[in-house]
Amino acid sequence: MHPPKNNSGIPASYHFDSHLSIEIILILVPVARMPPERASERIGELKEIIMKRLEGKVAVVTGGNSGIGLATAKRMQEEGARVAISGRSRKTLDEAVKTIGNGVLAVQSDVATLTDIDKLFAEVSRKLGKIDVLFVNAGVAKFSPLAETPESVYDEIFDINIKGAYFTIQKALPFLNDGASIILNTSVADSTGTIGASAYSGTKAALRSLARTAAAELVGRGIRVNTVAPGPIVTPIFGRTGLPQEAVDEFAKGFIARVPMKRFGQPEEVAATVAFLASQDASYITGVEINVDGGLGQI
């Protein structure tokens, strides 16, 4: 297949590429002759040209008050989106607003409580309008052996990670624009056997399956549904696993030893992948999972 041609006989996609290239050249060519401060400013202008993929869009990030959610909300705002975040803690929501800045909407909401999800989307609809990007990110991670996992921990993990995600998507549907993008935060654990993570891994595998079905059901509206599967990422969630610090440290060492790139990832690295999936750069992608895991799930 070749790009469609316009009246000039030149493939249409070439015009976008050439226009962008011209803008880049116009900025870069004089940079070498500028004082350092002015050169830095011009490079910033180039970054702004490239990064405004979500200009005019409305993006909602559940669990946007810390970790991957916070980094993603910040990235989407930098790319031009008007952003709403949700989270259970008012304190961390207020801190996130200061970090993101520029008019972000913060709604205190627990995805395990369906009336809270209703409240979230009612608030977003009233203040920002219809939604173009939904990052279903809110989740918890608690670890214990299969034989020792209490019902209360099982219920908490499934209520937040899968029930919360399922009804977040369901309740968002009337508020989504046709052509919107939904991204779910899964995990490399959804397809590997990780000792001590039976309940957590089960929720992430369920999310992966949900994304496939949702992609099939929503394709008629032009809504794309994809997932991002992080490996070990430096986030506050490691401090809320329910494990003693020694066990967390051993867990981290074991993970790093298994990761081909021999390091933890950063939240911003996951955020960049989510921003790609949210944008028109991923316009022909739906139903897929992209691993951001240093090769852990692939090598």
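Axes here are lines fitted to C-alpha atoms, for helices over the stretch in contact. With that in hand, welcome to the close-up views of this predicted model.

**View 1. Helices α6 and α7 run alongside each other, roughly parallel.** Helix α6 covers residues 151-172 and helix α7 covers residues 198-218. Their axes come within 9 Å and cross at roughly 15 degrees. Angles under 35 degrees count as roughly parallel, and α6 and α7 are therefore described that way. The crossing of this pair is right-handed.

**View 2. Here are the residues that join α6 to α7.** From α6, look for Tyr154, Ile157, Phe158, Asn161, Ile162, Ala165, Tyr166 and Ile169. Across from them, α7 contributes Ala199, Tyr200, Gly202, Thr203, Lys204, Ala206, Leu207 and Leu210. Sorted by class, the contact of α6 with α7 has 12 nonpolar residues, three polar and one charged.

**View 3. Helices α3 and α4 meet at a right-handed crossing.** Helix α3 spans residues 67-78, while helix α4 spans residues 90-100. The two axes come within 10 Å and cross at roughly 35 degrees. On the α3 side you will find Leu70, Ala73, Lys74 and Gln77, which meet Ala96, Thr99 and Ile100 of α4. Four of the residues in this contact are nonpolar, two are polar and one is charged.

**View 4. Stepping back, the protein chain holds nine helices and seven strands.** Of its 299 residues, 44% are buried. The chain exposes about 15200 Å², with carbon and sulfur atoms supplying 57% of that area. Among contacts between residues at least 6 apart in sequence, 69% link residues at least 24 apart.

Methods: Residues are numbered from 1 along each chain as its sequence is written. This is a predicted model: local features need pLDDT of at least 70, side-chain atom pairs count only at pLDDT 80 or more; totals for chains, interfaces and linings use all residues. Side-chain values use heavy atoms; hydrogens and water are left out. Axes are lines fitted to C-alpha atoms, for helices over the stretch in contact, and angles run from 0 to 180 degrees between N-to-C directions. Helices (H or I, at least four residues) and strands (E, at least two) are DSSP runs, numbered from the N terminus. A crossing is left-handed if the near helix is turned anticlockwise from the far one by less than a right angle, and right-handed if clockwise. Contact means heavy atoms within 4.5 Å. Ala, Val, Leu, Ile, Met, Phe, Trp, Tyr, Cys and Pro count as nonpolar, Asp, Glu, Lys and Arg as charged, and the others, Gly among them, as polar. Buried means under 20% relative accessible area, exposed over 50%, partly exposed in between (1.4 Å probe, protein chains only). Accessible areas come from the Shrake-Rupley method with a 1.4 Å probe; for residues, only the protein chains shown count as cover. Angles under 35 degrees count as roughly parallel, over 145 as roughly antiparallel, 65 to 115 as roughly perpendicular and the rest as oblique.
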